[in-house]
Amino acid sequence: MTNRIEVVQGDITKQQVEAIVNAANNSLLGGGGVDGAIHRVAGPELLKECRKLKGCPTGEAKITRGYRLPAKWVIQTVGPIWRGGNYKEDEYLAKCYQSCFALLEKHLLKTVAFPSISTGAYRFPLERATKIAVTETINFLKRNNFVKKIIFVCFNNRVYDYYVSELKKYSISI
Ligand code: AR6
């Protein structure tokens, strides 16, 4: 388990993995934050493919090619907008991770990088989101032996520190 989870500080668009996850919005037509960065690097072909997908409901995920990214695939998922915690935000965020894992299994992908979904523009509290990301990932890895590497890509120190301390609770040291 331990050696299948990695935490790095950096830019997800630079990750050398088979698939990177995008924290997109329901339109899948691009935006700011990590979504903007992914579209900028992938190039206009990504937007063209996304247009054909006709959006994506919150908590679900759709896969596209990575075009000019080092990653061959982009898993587009849509996290919940934080509205105080009583609108099933936790459930929807957990579902994002589950939907991404289902696509890894379906496409036999062994390496993936995740951003901290919903914790930027969508304002999901970082500590709470990190717990969900880590719990879902560990539950998945317990039942899946095929996936070799799941990387949490943290854009800054603060995000990085939350992931490291959450993983410590499972005796996983980075
Ligand atoms: N690599 C890794 N992480 C990044 C990068 C990057 N290049 N850029 C930002 N982050 P956000 P959300 C971090 O706002 O909260 C978009 O406009 C960022 O610091 O990108 O799910 C979409 O189109 C934060 O920790 O996604 C939607 O409308 C995390 O990624 C909306 O924002 C998520 O922040 C989605 O909001």
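This is a predicted model: local features need pLDDT of at least 70, side-chain atom pairs count only at pLDDT 80 or more; totals for chains, interfaces and linings use all residues.
How far is the sulfur of C56 from the closest cysteine sulfur, and in which residue does that sulfur lie?

## Overall build

Let's start with the secondary structure. The protein contains 5 helices and 6 strands. Read from the N terminus, they follow the order β-β-α-α-β-β-α-β-α-β-α.

What about the overall dimensions? The C-alpha trace spans about 45 × 35 × 30 Å along its principal axes. The radius of gyration is 15 Å, which agrees with the value near 16 Å that a compact globule of 174 residues would have.

## Inside and outside

Of the 174 residues, 50% count as buried. The accessible surface comes to about 8600 Å², and carbon and sulfur atoms account for 50% of that surface.

The chain also brings together residues that are separated in sequence. Taking contacts between residues at least 6 apart in sequence, 69% join residues at least 24 apart.

As for charge, the protein carries 26 positive and 15 negative charges.

## The cysteines

Now back to the opening question. A disulfide is a covalent bond between the sulfur atoms of two cysteines. A search of the whole structure finds 0 of them. For C56, the closest cysteine sulfur is in C96, at 8.1 Å. Because a disulfide here requires sulfur atoms within 2.5 Å, that distance is too far for a bond.

Are C56 and C100 buried or exposed? C56 has 4% relative accessibility, so it counts as buried. C100 is buried too, with a relative accessible area of 0%.

## A residue on the outside: R40

R40 belongs to helix α1, which covers residues 33–42. With a relative accessible area of 65%, R40 is exposed; the cut-off for that label is over 50%.

Where does L69 lie relative to R40? In sequence, R40 and L69 are 29 residues apart. In space, their C-alpha atoms are 9.4 Å apart.

Terms used: Residues are numbered from 1 along each chain as its sequence is written. Side-chain values use heavy atoms; hydrogens and water are left out. Helices (H or I, at least four residues) and strands (E, at least two) are DSSP runs, numbered from the N terminus. The radius of gyration is taken over C-alpha atoms; the globule rule is 2.2 Å times the number of residues to the power 0.38. Buried means under 20% relative accessible area, exposed over 50%, partly exposed in between (1.4 Å probe, protein chains only). Contact means heavy atoms within 4.5 Å. Accessible areas come from the Shrake-Rupley method with a 1.4 Å probe; for residues, only the protein chains shown count as cover. Lys and Arg count as positive and Asp and Glu as negative; His and the chain ends are not counted. The place of a charge is taken as NZ of Lys, CZ of Arg, CG of Asp or CD of Glu.
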